[in-house]
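Take a look at the model first, then read on.

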Amino acid sequence: SNVMVMAESTVLEDIDTGKVERQCRYFKAKVLDDHKAEGTDQSFVDAIDGERTIVFTDKCTSYVNIADYVEIHVTEKSNEQTTKETLKWVHIAISNAKRNFTGTYHKIKKKYLQLYLNEFVYKLNRRYFGERIFDRLVIASITANGH
């Protein structure tokens, strides 16, 4: 199945050493019908927060229009270095999801894949909430009822 995985990260730089590190915050995963740019574009536009976004992708041909929606679009050829640096968090999320799915469910039907991805991403995005999880749930339920 074609799945688009997105990770929001913040660039952190140590002022003393100059070492740059990316800290990952939130993830999204969307099952796509195919690898065509139209589906990728729509999923991407639904996921980003305005045009003031910098995006790093591999050189997949599905991402040809992304530059039209963001401030900066950087593409890099997929290799061992981009897997460990630029696109590190996406690859970690993908491998963790695969490990989770095969270890827990063993086999997933394509029609249910989005539901499994939603559950995985939901848990992943709340991994640091800790004691604040109840307060966040209350806020989410109050704001959801107002719509």
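Of the 147 residues of the protein, 22% count as buried, meaning under 20% relative accessible area, with exposed being over 50% and partly exposed in between (1.4 Å probe, protein chains only). Keep in mind that this is a predicted model, where local features need pLDDT of at least 70 and side-chain atom pairs count only at pLDDT 80 or more, while totals for chains, interfaces and linings use all residues. Residues are numbered from 1 along each chain as its sequence is written, and side-chain values use heavy atoms, leaving out hydrogens and water.

**Overall layout**
- The protein has 5 helices and 4 strands; these are DSSP runs numbered from the N terminus (helices H or I, at least four residues; strands E, at least two).
- Along the sequence, they come in the pattern β-β-α-β-β-α-α-α-α.
- The C-alpha trace spans about 45 × 40 × 35 Å along its principal axes.
- Take contacts (heavy atoms within 4.5 Å) between residues at least 6 apart in sequence: 45% of them join residues at least 24 apart.

**A look at helix 4**
- Helix 4 covers residues 113-125, and its 13 residues should span 18 Å at 1.5 Å a residue, which agrees with end C-alpha atoms that are 18 Å apart; the expected span is 1.5 Å times one less than the number of residues.
- Leu113, Leu117, Phe120, Val121, Leu124 and Asn125 are buried in helix 4.
- They sit on the same side of helix 4, because they cover an arc of only 125 degrees around the axis, taken from the directions from the helix axis to the C-beta atoms.
- Leu115 and Lys123 are exposed on the other side of helix 4.
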